[in-house]
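Here are my notes for you on this one. Have the sequence and the model open side by side while you read.

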Amino acid sequence: GPCDPMELEALEYVAENTTIPVPKVFRTYRDHGRLYIEMEYIPGMNLHAAWLGGLLSQEQKKDVVKMLASYVEQLRSLEPSQEGVIGSARLNECLDDRVGPLPFGPFKDHAAFHSFLRRNIPLEACTEVFGETVTRCHSRQYRSCFTHADLCPRNIVVNRGEIVAIVDWEFGGWYPEYWEYTKAYFSLVNMPDWFENFRQAVKSYDDELTAERALWRQCDLPGLPQ
């Protein structure tokens with residue numbers, strides 16, 4: 001720590017409801033009002049270092065991505081207590097660096113969340129401002145899925161060619177079903193074969209990725225005051 005309550009909520013929720021390997025939480029405490037988490041140490045190295053360091057064979061790389069895809073499916077099989085909601089694991093406010101450094105939400109439905117991402121530009125004016133793809137995607141109906149929201153290789157711990165932990169759940173929460181896919185492309189790393197394998201292993205949302213990229217360029221950090 002210090003860390004935000006959203007991370008503890010997500011860690012506990014995932015540990016209670018899935019078989020995804022996450023560090024065990026031993027205890028928590030506050031110091032000067034900030035939250036600290038005492039958790040299990042997991043031996044291994046992050047996937048970014050193992051992948052680029054030549055420590056994984058091509059077969060091991062594919063196996064790791066398949067394993068990750070199975071964990072994503074576990075998250076997607078979870079059902080929120082309130083359909084259409086956007087929020088943390090316990091449906092409180094959430095955090096995501098794609099939005100900004102400040103907590104935001106929760107939102108009762110996807111329409112409110114999408115309006116927030118557009119800085120409340122009306123949907124009927126969306127094509128003129130952001131392009132047709134944003135209008136089309138923000139008009140669709142989506143499921144709310146539990147999402148890690150930062151599934152980049154630095155947050156995946158591997159040991160002997162297997163995933164032994166997924167860490168950094170501070171952005172975890174309930175988001176539209178495409179959010180896991182689009183957020184995987186938000187923090188770009190120079191690992192073309194990682195993205196190629198990831199895209200083949202999970203359900204892709206390429207329309208939504210195009211829409212999100214338009215918003216990343218034209219409406220960056222909507223959670224910050226204008």
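1. Start with the side chains of Glu 208 and Tyr 142: a polar contact of 2.7 Å joins them. (A polar contact is a pair of N or O atoms within 3.5 Å; within protein, one must be able to donate a hydrogen and the other to accept it, and residues adjacent in sequence count only if both atoms are side-chain atoms.)

2. A word on the source: this is a predicted model, where local features need pLDDT of at least 70, side-chain atom pairs count only at pLDDT 80 or more, and totals for chains, interfaces and linings use all residues. Residues are numbered from 1 along each chain as its sequence is written, and side-chain values use heavy atoms, with hydrogens and water left out.

3. Is Glu 208 buried or exposed? Glu 208 is buried, at a relative accessible area of 6%; buried means under 20%, with a 1.4 Å probe and protein chains only. Leaving aside residues up to four places away in sequence, Glu 208 touches Cys 137, Arg 140, Tyr 142, Tyr 178 and Thr 182 (contact means heavy atoms within 4.5 Å).

4. Glu 208 sits in helix H9, residues 206-218. The chain as a whole has 9 helices and 9 strands, which are DSSP runs numbered from the N terminus (helices H or I, at least four residues; strands E, at least two).

5. Zooming out, 50% of the 226 residues of the chain count as buried. Along the principal axes, the C-alpha atoms fill a box of roughly 50 × 45 × 30 Å.
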